[in-house]
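Keep the structure open alongside.

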Amino acid sequence: MDLGASGNDSCVTTFVLLGLTETPALRPILFVIFLLAYVATIGGNFSILAAILIEPKLHTPMYFFLGNLSVLDVGCISVTVPAMLKHFLSNDRHIPYGACLSQLFFFHLLAGADCFLLTVMAYDRYLAICHPLTYSTHMSWSIQKTSVCLSCVFSFSNALTQTVALSTLKFCGPNIINHFYCDLPQLFQLSCSSIQLNEQLLFAAAAFMGVVPLVLITVSYGHVAAAVLRIRSAEGRKKAFSTCSSHLTVVGIFYGTGVFSYMRLGSVESSDKDKGIGILNTVISPMLNPLIYSLRNPDVQGALRKVLTGR
């Protein structure tokens, strides 16, 4: 265990990430699987982004937000997976204290921006379906940019607060993290000082960035469902629901994995369940998002054909 002197106290200067497996024979297989997943995620999300940029029909608020979501997904998987791939190829699974805090900060920055952006996307669907006559006014270009900027500002504030609060904790040993990336619940378990304030900050963040957005999304789609059910034609109802189903699927995956990730704060030790939930949250969700949004959307499919074929 790497300890450094800090006054009269000993402090951890390096953590050890146990990763997904300690079986050497499985590491090459997992390396190939997660490398393919990483490449697929990067390619899928950048293809969606390119399709939105080159197809005039996709120059609408909904696809502007979707393009930003694709950028966040690329960032989110890039914070965790490249380091995990490196550890698969090396016996050295150490991560410096500063690098661990940096990974934590960027993960919460990107995941938090995801929370707010998904809420903005739900509000956009509410305006488009429930208030179509004033939609262009309420969702103007300036409002779109402001919404994305505020999402990033709120998320940055939370990520900085959580990281600074964590940096005040003392880590005297042990320094082994039973996970494949640095996150708050696992680091709380290693601290030899009080984590009461940190847990309070995390619960406050969960309320502000988790519960409140989820309530707003639910209310928005409650109004959308009521408006769609009033549409007389079956074709009209089908089209309205199809524009919302993809977003609801992404919201369900994102919040479902997020809730399970942080509801185990009181547990004594990390388990392999945390790693499985982490994979869903940081790998599977960003990889599936391009597929979910393009599967039932002919406009996106047509634009993707243009991108892939060059015609």
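Predicted model: local features only at pLDDT ≥ 70, side-chain atom pairs only at ≥ 80, totals over all residues.

A residue counts as buried when its relative accessible area is under 20%. Glutamate 55 sits in the loop between helix H1 (27–54) and helix H2 (61–89). Beyond residues up to four places away in sequence, glutamate 55 touches Ala303 and Lys306.

Next, the core. The largest nonpolar core holds 61 residues. Leu20, Phe34, Leu66, Phe88, Leu118 and Met121 have the most contacts inside it. Two or more residues come from each of H1, H2, helix H3 (97–130), helix H7 (196–229), helix H8 (234–262), helix H9 (272–295) and helix H10 (298–309). H2 gives the most, with 14 residues. Take phenylalanine 34 as a way in. Leaving aside neighbours within four places in sequence, phenylalanine 34 contacts Leu20, Val81, Met84, Leu85, Phe88, Ile279 and Val283. Another core lies apart from the largest one. This other core has 18 residues, including Val12, Ile95, Leu184 and Leu187.

The largest pocket has a volume of about 690 Å³. Its lining counts 26 residues, and Met62, Tyr63, Lys239, Ser242 and Thr243 are the closest to its centre. H2, H3, H8 and H10 each give two or more residues to the lining. H8 supplies the largest share, nine residues. By class, the lining has eleven nonpolar, seven polar and eight charged residues.

Which cysteines are bonded? The count comes to two disulfides. Cysteine 100 and cysteine 182 form a disulfide, with sulfur atoms 2.0 Å apart. The torsion about this S-S bond is about -120°, so the disulfide is left-handed. Cysteine 100 is in helix H3, and cysteine 182 is in the loop between strand S5 (176–177) and helix H6 (184–190), 82 residues apart. Cysteine 100 is buried at 0% relative accessibility, and cysteine 182 is buried at 0% too.

The other bond joins cysteine 172 to cysteine 192, S to S 2.1 Å. With 55° about the S-S bond, this link is right-handed. Cysteine 172 is partly exposed at 36%, and cysteine 192 is partly exposed at 40%. In sequence order of the bonded cysteines, the pairing is 1-3, 2-4.

Why is cysteine 244 too far for a bond? Its closest cysteine sulfur, in cysteine 130, is 8.9 Å away, whereas a disulfide needs sulfur atoms within 2.5 Å. Cysteine 244 is buried, at 2% relative accessibility.

Technical notes
Residues numbered from 1 in each chain as written. Heavy atoms only, no water. Helix = DSSP H or I, 4+ residues; strand = E, 2+ residues; numbered from the N terminus. Contact = heavy atoms within 4.5 Å. Core = buried A, V, L, I, M, F, W, Y, C linked by side-chain atoms within 4.5 Å. Buried < 20%, exposed > 50% of the residue type's maximum accessible area, 1.4 Å probe, protein only. 1 Å grid on protein atoms, 1.4 Å probe; cavity = no way out; pocket = protein on both sides within 12 Å on 5 of 7 lines; lining within 4 Å. Points joined across faces, edges and corners; volume = space filled by probe spheres on them. Nonpolar A, V, L, I, M, F, W, Y, C, P; charged D, E, K, R; others polar.
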